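Please read the following briefing alongside the sequence and the coordinates. The points are grouped by topic, and each term is given with its cut-offs where it is used.

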Amino acid sequence: MTTHTTPSVLFVCVHNAGRSQMAAGFLRDIAGDRIEVRSAGSMPAEQINPVAVEAMAEVGIDITAEQPKVLTTEAVQASDVVITMGCGDACPIFPGKRYEDWKLEDPAGQGLASVRPIRDEIRARIEQLVDELI
């Protein structure tokens, strides 16, 4: 009998307040408990970007309870897939991990109309990622 382990994904951006939180929200919503989800930032903000929260609420995903978290080496080591969004060299690299760098515009300081296309691009990438992992 083979043991199937749940794949784990870590989303990392600088402040862990917008892109990585939206990505984690979509992955939790789409994959449920079939994929373990983490997010973190190299320099976490005080709070999640309220415009990101509003953009996600428009599509029925509530990320209001999330808090920006600091990126730790342990979080990277515990993850199978590490997806970075603009944190560059701040993200530690470990052999045997799958790394992707998603070039996404930063929603910080932008209005809802500008954040919607970022949100929608994240959703499309998450749907593709779920197809690859499950």
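Helix α2 is followed by G60, a residue whose phi is positive, near 80 degrees; helices (H or I, at least four residues) and strands (E, at least two) are DSSP runs, numbered from the N terminus. This is a predicted model, in which local features need pLDDT of at least 70 and side-chain atom pairs count only at pLDDT 80 or more, while totals for chains, interfaces and linings use all residues. Residues are numbered from 1 along each chain as its sequence is written, and side-chain values use heavy atoms, with hydrogens and water left out.

**Helix α2 and its surroundings**

- At the start of α2, a side-chain oxygen of N49 reaches to within 2.8 Å of the backbone nitrogen of V51, where a polar contact is a pair of N or O atoms within 3.5 Å, and within protein one must be able to donate a hydrogen and the other to accept it, with residues adjacent in sequence counting only if both atoms are side-chain atoms.
- The buried residues in α2 include V51, A52, V53, A55 and M56, where buried means under 20% relative accessible area, exposed over 50%, and partly exposed in between (1.4 Å probe, protein chains only).
- The cover over the buried residues of α2 includes α1 and α4, with contact meaning heavy atoms within 4.5 Å.

**Salt bridges**

- The structure holds 11 salt bridges, each defined as a side-chain nitrogen of Lys or Arg within 4 Å of a carboxyl oxygen of Asp or Glu.
- One of them joins the side chains of E58 and R116, at 2.6 Å from N to O; this pair links distant parts of the chain, since E58 belongs to helix α2 (residues 50-58) and R116 to helix α4 (residues 112-133), 58 residues apart.
- E58 also forms a salt bridge with R119, the closest N and O atoms being 2.9 Å apart; because R119 lies in helix α4 and E58 in helix α2, the pair ties together parts that are 61 residues apart in sequence.
- A network of salt bridges links E58, R116, R119 and D120.
- K69 and E66 form a further salt bridge, with the closest N and O atoms 3.9 Å apart; K69 counts as partly exposed at 32% relative accessibility, and E66 is partly exposed with a relative accessible area of 23%.

**Aromatic pair**

- The count comes to one aromatic pair, under a rule by which rings of Phe, Tyr and Trp (its six-membered ring) pair if their centres lie within 6.5 Å, with planes under 30 degrees apart counted as stacked, over 60 as edge-to-face and the rest as tilted.
- The rings of F11 and W102 have centres 6.1 Å apart and planes at 55 degrees, so the pair is tilted.
- Because F11 lies in strand β1 and W102 in the loop between β4 (98-101) and α4, the pair ties together parts that are 91 residues apart in sequence.
- F11 counts as buried at 0% relative accessibility, and W102 is buried with a relative accessible area of 5%.

**Backbone at N16**

- N16, a residue other than glycine, has a positive phi, near 50 degrees.
- N16 lies in the loop between β1 (8-13) and α1 (19-31), and at 0% relative accessibility N16 counts as buried.
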